[in-house]
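This report describes a structure with two protein chains, element by element. Please keep the sequence and the model in view while reading.

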Amino acid sequence: MILEANGIEKSYGALKVLHGIDLSVDEGETFAIIGPNGAGKTTLFKVLTGESPANSGVVRFRGQDVTKMSDFRRARLGFGRTFQVARIFPEVDVFTNVAIAVEARLSAEGRSPGRWWDWRASSQVALEVEEILERFGFARARWRTEARYLSHGDRKRLEFCIALATRPALLMLDEPTAGMSPSDRREMTGLLARLKRDGGVSIVMTEHDMDIIFELADRLMVLNYGEALATGEPAAVRRDPVVREVYLGQHHA
Amino acid sequence: MKRLIAYGLVLLFLLFATAPYTVNAGLVFIAGIAMTEIIFALSWNMLFSYAGLASFGHAAFFGVGAYTAAVFLKYDYGLHFLLVIALGTFLGGVSSFVVAIIVLRRASGIQLAILTLALSQLVVTLIGYSAFLGRDEGIPSIPRPVMEFGLFRIDMNDQVQAYYFLFVMSLLAVALMWLLLHGYVGRRMKAVAIDPERAAFVGIDVWRVRVFAFTIGGAFAAFAGCLLVPWAQIVTPDLVMWLHSAQPMLATLLGGAGFFWGPIIGVLVLSMVNYATRTFAGLSEVLVGGILLIVVLLAPQGIMGFLRRIVERSSTGKPAMVEEQA
């Protein structure tokens, strides 16, 4: 089990958003959190990534309590993260965006990211950056483009490259296809599917697009008013009458 | 743009390298001061542009270096001046490390600005209590050092030798900062400056990077302070005052904060304005204020940003998509 959460409760002031959520994600599994707007998906997600502390409950990563662990320590442990609105380093070029992540990982592993006086990335870093960028379809001609000039879809892809450059064991994806054009959306879905096939990484994602969820997720959790309505395999959840009524019914009538 | 910067740098290098033989003594003196201010401004921009920290008390570390050098030269402890510089730089680094540990625990943004400002003014007050450091009057008529290097000696009483000593040391400092900021350390700092939260999520310890940047920035400021002393031969608490802390900020805003070389342009413009208006008391403040107003309103990216816009427009007709390594 790579990720485990027990009794997560969270309130914003008097408003209780999460009512004792339990979940567990197995190694290599793709786990989706879905639910209508305001169900607490993003809040739960932020509790799991450590951005937003829960009022009570425990989050464990491979058995280790990470509830109060700082962001960078979690990242070093194996958490990779993307954001709803892609967060990249817009003022530096595409190559440097990924190099930053690779170098951060090497430092965290206690290995040298290169010589401090060398303004070029070390050959080891460069090799890895090139491999990632090529794998995710960034043509060599665009590596020196400042990231702020990228389109929304490309930013999402670049953020994905940054997250993968840290070689995470667990990828936390907050709405990986939010705001994307249909073609970008298909591409991202294909990318995630490939990542899953290649293995070695577990994924926790929130997503609005049901087609993507049913294509990718091994298991999913339906949230409604901060409670887990149902958890299980997509086909089983889809058949659940309560779920159909409160959530899926709105889309899949 | 890259080529323009290269040409500009060569021109600058030649101007500074030949100054003692091409311009009058007054300008040479100003050129020497400008070199120390360039190091000072670059060290501040290292915090500002590369680590996202706006320190309003950076002059305190400049002061640590300057007073260290002044004490050793004035009271003649017989330490080789290079070692004095090393010591001053080290003390600057240690003091900025301590300040960073205290201040960066919680504060960033406006709290950091106020805290650093308060700490630097505290240093001014402490100097005012110390007869050893000359209280409010400072330490005047500091003798210039003579350095033995075995094969040769540098006598700073000779204006030309003193100038070239400053020149070489400044080049060294600028080169060191350039290399540091363009290597992986600089990339890491830049990541923290752009988006600390994102940086944390790739596993960068934001706090450590900031403490490191603050320490190194303080050390370089102290280095600049050490160099100023044998050249100006006087230190006063003015060097530590907030007004001096504001100099690198003005230079950086003027030259362009997003560019490594921006603060240098800024220092040069400020020095020229000060020189051109030296006979009119108060005029330089008015002019500097006016120029800053124009730059902030018309070219928020500073002179370098303005130049880049012109170059991009004239060469392609649309914004260049290629990142400038400068």
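How many of the eleven residues of H7(B) are buried?

## Basis of the description

The model is predicted: local features need pLDDT of at least 70, side-chain atom pairs count only at pLDDT 80 or more, and totals for chains, interfaces and linings use all residues. Residues are numbered from 1 along each chain as its sequence is written, while chains are lettered from A and ligands numbered from 1 in the order in which they are written.

## Helix H7 of chain B

Eleven of the eleven residues of H7(B) are buried, so this helix is largely enclosed by the rest of the structure. A residue counts as buried if 20 or more other C-beta atoms lie within 10 Å of its own, as exposed if 12 or fewer do, and as partly exposed in between, with C-beta atoms placed from the backbone. Helices (H or I, at least four residues) and strands (E, at least two) are DSSP runs, numbered from the N terminus.

The buried residues of H7(B) include Arg187(B), Arg188(B) and Lys190(B), along with Tyr184(B) and Ile194(B). They pack against helix H3 (94–108) of chain A together with H2, H6, H8 and H9 of chain B.

## Contact between the chains

The contact takes 23 residues from chain B and 31 residues from chain A; two residues are in contact if their C-beta atoms, placed from the backbone, lie within 7 Å. On the chain B side, the elements that give two or more residues are H6, H7 and helix H8 (196–201). H7(B) gives the most to this side, with seven residues.

By class, the side of chain B that touches chain A has 13 nonpolar, three polar and seven charged residues. Here Ala, Val, Leu, Ile, Met, Phe, Trp, Tyr, Cys and Pro count as nonpolar, Asp, Glu, Lys and Arg as charged, and the others, Gly among them, as polar.

## Other helices of chain B

Helix H6 (residues 159–182) of chain B has 24 residues, which should span 34 Å at 1.5 Å a residue; its end C-alpha atoms are 34 Å apart, in agreement. The expected span is 1.5 Å times one less than the number of residues. Among the buried residues of H6(B) are Tyr163(B), Phe165(B) and Met177(B). Their cover includes helix H1 (2–22), helix H2 (25–51), strand E2 (153–155), helix H7 (184–194) and helix H9 (206–232) of chain B.

Helix H10 (residues 242–255) and helix H11 (residues 262–276) of chain B pack at an angle of about 110°, with their axes 7 Å apart. Axes are lines fitted to C-alpha atoms, for helices over the stretch in contact, and angles run from 0 to 180 degrees between N-to-C directions. H10(B) and H11(B) are therefore roughly perpendicular to each other, a term for angles of 65 to 115 degrees; under 35 is roughly parallel, over 145 roughly antiparallel and the rest oblique. By class, their contact has ten nonpolar, four polar and no charged residues.

## Chain A

Chain A contains nine helices and ten strands. Its radius of gyration is 19 Å, close to the 18 Å that the globule rule gives for 253 residues, so chain A is as compact as a globular protein of that length. The radius is taken over C-alpha atoms, and the rule is 2.2 Å times the number of residues to the power 0.38. Of the 253 residues of chain A, 42% count as buried.

Glu175(A) has a positive phi of about 50° although it is not a glycine. This residue lies in the loop between strand E7 (170–174) and helix H6 (182–198) of chain A, and is buried, with 20 other C-beta atoms within 10 Å.
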